[in-house]
Amino acid sequence: MSDSLFADASRRLERALKYVSLSEDAIERLKYPKASLIVSIPVRMDNGSLRIFQGYRVRYDDTRGPTKGGVRYHPKVSLDEVQSLAFWMTFKCAVLNLPFGGAKGGITLNPKELSKLELERLSRGYVDAIADFMGPDVDIPAPDVYTNPMIMGWMMDQYSIIKRQLSPAVITGKPVTIGGSLGREVATATGAFYVIEHLLPKFKRVPVETTVAVQGFGNAGAELAELLSKAGYKVVAVSDSQGGIYAKKGLDIPSIRRFKEANKGIKAIYCEGSVCNIVEHEILTNEELLALDVDLLVPAALENQITEVNVNDIKAKLIFEVANGPITSAADLILESRGIQVIPDILVNAGGVTVSYFEWVQNRSGLYWSLEEVNQRLKHKMVEETEAIWKIAEELSVPMRTAAYVYGLNRLSESMNAKGTRDYYLNT
Ligand code: NAD
């Protein structure tokens, strides 16, 4: 068995396949991405030298609509990673019943080493390289790790220059002033918050008696930590790529966010107005954060954080996957045998792509929604699909992850059948 991330990602399907009657055609098609593109992006650096960056875009499956998925800038980006993320996007869009297939993109680099102008030239170069592969009805990128609305704005502008017409619907997660949706920047966290709030009573828990540790203090993790602490949960630990902080009494998330924004790091502080004081805390490694004895663990950084190596250290009772693929399939089985409930990425972090869908709809209709309308629609979708998956898990006595795959597979299979498969023709 291969150890690639994609092989591990595909293993999630095997268990779900037992519970769905899928045509052989559908099973065969879901094993392979529809198309993968590897590009070299030449960038003129500020010192006059030329550097070539490697970029990727994978369109995994477009049965249910144009493909959709973020663009990641990270030193570990590879074709294997992008393909796995595109595979997960296919199921995420099906689980949320969005009219999209799955895709993902990325560039292998450490964005912290580039100046802003170099980053802009690189982002525009990426669009030059993949322009024939994308489009509002073909493939629609969005932000992911270390990309943001500013980068989405450059990319949309570059695509519009190439096509000689303004094309806001080609990309989502843009700045609001050029067609971004209100609420998109915080949508992944907001969606995850709705999922947690809906499921918490089912686990017989109340927010004020629930301790939380969040790994990853970026777009998704920091916002979710703040939403949870505002709702009364006790967020006792957070971390970023440099490590983490822990305070038994709970952390003041808004103060930590302000510090991180100004200083590019995290610090256990409490601020009132402009006066900030350090609070009593412990410094943690990311491994130590994952092993904390908390009620709720939220991995919100990268994939493969909980593996066979550290899974037996996990003490949390509940894990909500905000990152994509933070738990390997082998570790997943061990967590299950230990009675630790995992709520899967393809449901928990789907708020991002859901509001991306809303943004695309708004761009195409030219009618823009209020923040209340966006959040109301997001909440409705997240709660509806969470409840449906919960019911499947109960009926089949399977973990939430298997239930989510069963749910998504059924939708994908129906759509594939509707376009014609061998079984479909045999049955008519
Ligand atoms: P981000 O770039 O805003 O933040 C990433 C955070 O993770 C940063 O705080 C970084 O310091 C931290 N980090 C990086 N490596 C780490 C490590 N080894 N240990 C601990 N922390 C580490 O990215 P994001 O948009 O918040 O994405 C985080 C996760 O959520 C990713 O898995 C992403 O695919 C997933 N996700 C994001 C969105 C979205 O809309 N942004 C949507 C769905 C899923």
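**Exercise 1.** Decide whether F6 and F87 are buried or exposed.

*Solution.* Start with the cut-offs: buried means under 20% relative accessible area, exposed over 50%, partly exposed in between (1.4 Å probe, protein chains only). By this rule, both F6 and F87 are buried. Keep in mind that this is a predicted model, where local features need pLDDT of at least 70 and side-chain atom pairs count only at pLDDT 80 or more, while totals for chains, interfaces and linings use all residues. Residues are numbered from 1 along each chain as its sequence is written, and side-chain values use heavy atoms, leaving out hydrogens and water.

**Exercise 2.** Work out which kind of ring pair F6 and F87 form.

*Solution.* First, recall the rule: rings of Phe, Tyr and Trp (its six-membered ring) pair if their centres lie within 6.5 Å; planes under 30 degrees apart count as stacked, over 60 as edge-to-face and the rest as tilted. Next, look at the structure, which holds 12 aromatic pairs. In one of them, the ring centres of F6 and F87 are 5.7 Å apart and the planes stand at 85°, so this pair is edge-to-face.

**Exercise 3.** Now classify the pair of F193 and Y194.

*Solution.* The centres of these two rings are 6.4 Å apart, and the planes meet at 50°, so the pair is tilted. To finish, check the cover: F193 is buried, with a relative accessible area of 13%, and Y194 is buried, at 14%.

**Exercise 4.** Which residues do ring pairs link into a cluster?

*Solution.* Follow the ring pairs: they join F6, Y60, F87, F91 and Y405 into a cluster.
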